Each structure stands twice: as structure tokens, then as C-alpha cells.
Amino acid sequence: MDLLAIALELKTNGVKPKIVTDDYSMQNVASQMKIEFIPLATRGIRRVFKWIRYCPACYKKYLSNFNSTNCSVCGTKLKRKPKKKTGSKKVN
Ligand SMILES: [Zn+2]
């Protein structure tokens with residue numbers, strides 16, 4: 001609970017603290033105190049897809065927040081797909 005006390009103190013001082021914790025009770029208390037928290041271990045489990053955008057013509061990749069729907073290189077309409085780990089390739 002010390003961490004929360006520190007966070008709350010920071011908050012009253014006008015700082016926006018973020019707590020990194022996987023403790024659900026801590027997360028509960030933090031959210032009740034309107035303190036942001038960042039879960040660590042659960043990050044990969046959450047069903048939040050990161051999307052990447054890519055150009056199907058020239059394969060340039062864009063961040064999902066790229067603010068155009070067309071490729072800046074060749075003008076082709078961008079496609080998007082969920083970002084996933086590229087499988088480990090065996091190198092002989
Ligand atoms: Zn392109």
C-alpha cells in the first residue's frame with residue numbers, strides 16, 4: 001500500500017502518477033483513487049490488438065495512427081492487419 005500512498009501524494013501535488021502493478025487489489029484501489037495503473041504480466045493476455053497498416057503494393061509499413069488511408073509512397077489504399085510476432089526463423 002506504500003506505493004499507493006506515494007502515488008496519492010504525487011496526485012495531490014498535481015503530478016499524474018502511474019503505478020505499474022499486476023496486483024488486482026492494487027489496481028482496484030488505484031482506479032478508485034483515479035490513479036492510472038499499468039498492468040505488466042496481463043499485457044500480453046488482454047484482447048487488445050495492435051494494428052499495423054501496410055501498403056499491399058510496396059509493402060511499406062505504417063503505424064496504426066498514421067493519419068492517411070493511402071500509401072505516402074505509391075498512393076495505394078492501405079490495408080491493416082493485427083500485429084503479431086513474426087515466428088522465430090531457424091537459421092542453419
Ligand atoms: Zn505503397
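Let me begin at Gln-27, which lies in helix H2, the helix of residues 24–32. Please bear in mind throughout that this is a predicted model.

Is Gln-27 buried or exposed? Gln-27 counts as buried, because its relative accessibility is 8% and the cut-off for buried is under 20%. As for its surroundings, if we set aside residues up to four places away in sequence, Gln-27 touches Thr-21, Asp-22, Phe-37 and Pro-39.

The protein chain contains 2 helices and 5 strands, and along the sequence they follow the pattern α-β-α-β-β-β-β. The chain has 92 residues, and buried residues make up 20% of them. The chain exposes about 7900 Å², of which carbon and sulfur atoms supply 54%. Among contacts with a separation of 6 or more, 26% are accounted for by residues 24 or more positions apart.

For context, most residues other than glycine have a negative phi. Lys-34 counts as exposed because its relative accessibility is 65%, and the cut-off for exposed is over 50%.

Lys-34 also belongs to a positive surface patch, together with Lys-11, Lys-16 and Lys-18. Where does Lys-18 lie? Lys-18 lies in strand E1, which spans residues 18–20. With a relative accessibility of 51%, Lys-18 also counts as exposed.

The surface carries a nonpolar patch as well. This patch is formed by Ile-6, Leu-10 and Val-15, with about 240 Å² of accessible area together. Val-15 is located in the loop between helix H1, residues 2–12, and strand E1. Val-15 counts as partly exposed, because its relative accessibility is 40% and that class lies between the cut-offs for buried and exposed.

Tyr-59 is placed in the loop between strand E3, residues 51–54, and strand E4, residues 61–63. Tyr-59 is exposed, with a relative accessible area of 60%.

Cys-71 is found in the loop between E4 and strand E5, which comprises residues 79–82. Whereas Tyr-59 is exposed, Cys-71 is buried, with a relative accessible area of 5%. Which residues are in contact with Cys-71, once its neighbours within four places in sequence are left aside? They are Cys-55, Cys-58, Tyr-62, Thr-76 and Leu-78. Tyr-59 and Cys-71 are 12 residues apart along the chain, and their C-alpha atoms are separated by 9.3 Å.

To close, I would set two pairs side by side. Gln-27 in helix H2 and Cys-71 in the loop between E4 and E5 are both buried, at 8% and 5%.

Notes
Residues are numbered from 1 along each chain as its sequence is written. This is a predicted model: local features need pLDDT of at least 70, side-chain atom pairs count only at pLDDT 80 or more; totals for chains, interfaces and linings use all residues. Side-chain values use heavy atoms; hydrogens and water are left out. Patches are made of residues with over 30% relative accessible area and no salt bridge: like charges are joined within 9 Å, nonpolar side chains (Val, Leu, Ile, Met, Phe, Trp, Tyr) within 5 Å. Accessible areas come from the Shrake-Rupley method with a 1.4 Å probe; for residues, only the protein chains shown count as cover. A salt bridge is a side-chain nitrogen of Lys or Arg within 4 Å of a carboxyl oxygen of Asp or Glu. Lys and Arg count as positive and Asp and Glu as negative; His and the chain ends are not counted. The place of a charge is taken as NZ of Lys, CZ of Arg, CG of Asp or CD of Glu. Helices (H or I, at least four residues) and strands (E, at least two) are DSSP runs, numbered from the N terminus. Buried means under 20% relative accessible area, exposed over 50%, partly exposed in between (1.4 Å probe, protein chains only). Contact means heavy atoms within 4.5 Å.
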